[in-house]
Amino acid sequence: MTRVCAIDYGRTRTGVAFSDLLRAGAGESLVITEKDVLHLVEKITVLLKERQVTEVAVGMPVNMDGTIGPQGDKCRRFGEMLADRAGVTVTFIDERRTTVDAHRILSENGVFRQKRKDTVDAVAATLILEIFLKRLQNGVDA
């Protein structure tokens, strides 16, 4: 089995989470600070190849009414670029509330201010990864 990856794409900071080898849970997460989408795609492509990842979940910001806004369009373009460049399968996952939940988790664990800003995207990516892994384990189309 190979690892899968989840990405919480952002304008400046992007959270990336990798599963463990058994796809049972998160194994590693990190934040990449990069504003240029082409450079970001290149950096993530290197990570995916190093870890032999073939499936990626990209968090899709969906409005509470179910519509996709301008940030969702940017995420879709990012995901398509990543799929093309890295040769991976990209699945878009509704990421509603993942950032809110990530802030709550960090707050409950005593992480505040700059440290929270530095890690919230990695935690959000981990939450997206957990959703994706559950769908894969249950045989549900992600």
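Is Cys75 buried or exposed, and what is its relative accessible area? Cys75 is buried, with a relative accessible area of 1%. Buried means under 20% relative accessible area, exposed means over 50%, and partly exposed lies in between, using a 1.4 Å probe and protein chains only.

This is a predicted model, in which local features need pLDDT of at least 70, side-chain atom pairs count only at pLDDT 80 or more, and totals for chains, interfaces and linings use all residues. Residues are numbered from 1 along each chain as its sequence is written, and side-chain values use heavy atoms, with hydrogens and water left out.

**Overall layout**

- The protein chain has four helices and five strands. Helices (H or I, at least four residues) and strands (E, at least two) are DSSP runs, numbered from the N terminus.
- Along the sequence the pattern reads β-β-β-α-β-α-β-α-α.
- The protein chain has 142 residues, and 44% of them count as buried.
- Among contacts in the protein chain with a separation of 6 or more, 60% join residues 24 or more positions apart. Contact means heavy atoms within 4.5 Å.

**Helix α2**

- Helix α2 covers residues 70-86, 17 residues in total. At 1.5 Å a residue it should span 24 Å, and its end C-alpha atoms are 24 Å apart, which agrees. The expected span is 1.5 Å times one less than the number of residues.
- Buried residues in α2 are Gln71, Gly72, Cys75, Phe78, Gly79, Leu82 and Ala86. They cover an arc of only 120 degrees around the axis, which puts them on the same side of α2. The arc is that of the directions from the helix axis to the C-beta atoms.
- That buried side packs against β1 (4-8), α1 (37-50), β4 (55-60) and β5 (89-94).
- Pro70 and Asp84 are exposed, on the face of α2 turned away from its buried side.
- Just after α2 comes Gly87, with a positive phi of about 70 degrees.

**Helix α1**

- Helix α1 has 14 residues. From first C-alpha to last it reaches 20 Å, close to the 20 Å expected at 1.5 Å a residue.
- Leu40, Val41, Ile44, Thr45, Leu47 and Leu48 are buried in α1. Seen down the axis, these buried residues fall within an arc of 165 degrees, so they line one face of the helix.
- The cover over the buried residues of α1 includes β1, β2 (13-19), β3, β4 and α2.
- Leu38 and Glu50 are exposed on the other side of α1.

**Strand pairing**

- β2 and β3 pair in the antiparallel sense over seven bridges. Two strands pair if DSSP finds at least two bridges between them.
- Arg13 stands opposite Thr33 in β3.
- β2 and β3 form a hairpin, with six residues between them.
- β4 and β5 pair in the parallel sense over six bridges. Ala57 has Thr91 in β5 as its bridge partner.
- β4, α2 and β5 make a right-handed β-α-β unit. Right-handed means that, with the strands pointing away from the viewer, the path from the first strand over the helix to the second runs clockwise.

**Cysteines**

- Cys5 is buried, with a relative accessible area of 0%.
- A search of the whole structure finds zero disulfides. A disulfide here is a pair of cysteine sulfur atoms within 2.5 Å.

**Gly27**

- Gly27 lies in strand β3 (residues 26-33). Gly27 is exposed, with a relative accessible area of 55%.
- Gly27 touches Phe18, Ser19 and Asp20, not counting residues up to four places away in sequence.
- Gly27 and Cys5 are 22 residues apart in sequence and 9.9 Å apart in space, C-alpha to C-alpha.

**Loop residues**

- Arg23 lies in the loop between β2 and β3. Arg23 is buried, with a relative accessible area of 15%. Its phi is near 60 degrees, a positive value in a residue other than glycine.
- Gln52 sits in the loop between α1 and β4. Gln52 counts as exposed at 60% relative accessibility. Its phi is near 55 degrees, a positive value in a residue other than glycine.
- Glu95 is in the loop between β5 and α3 (98-108). Glu95 counts as buried at 12% relative accessibility.
- Leaving aside neighbours within four places in sequence, Glu95 contacts Asp8, Gly59, Met60, Pro61 and Ile128.
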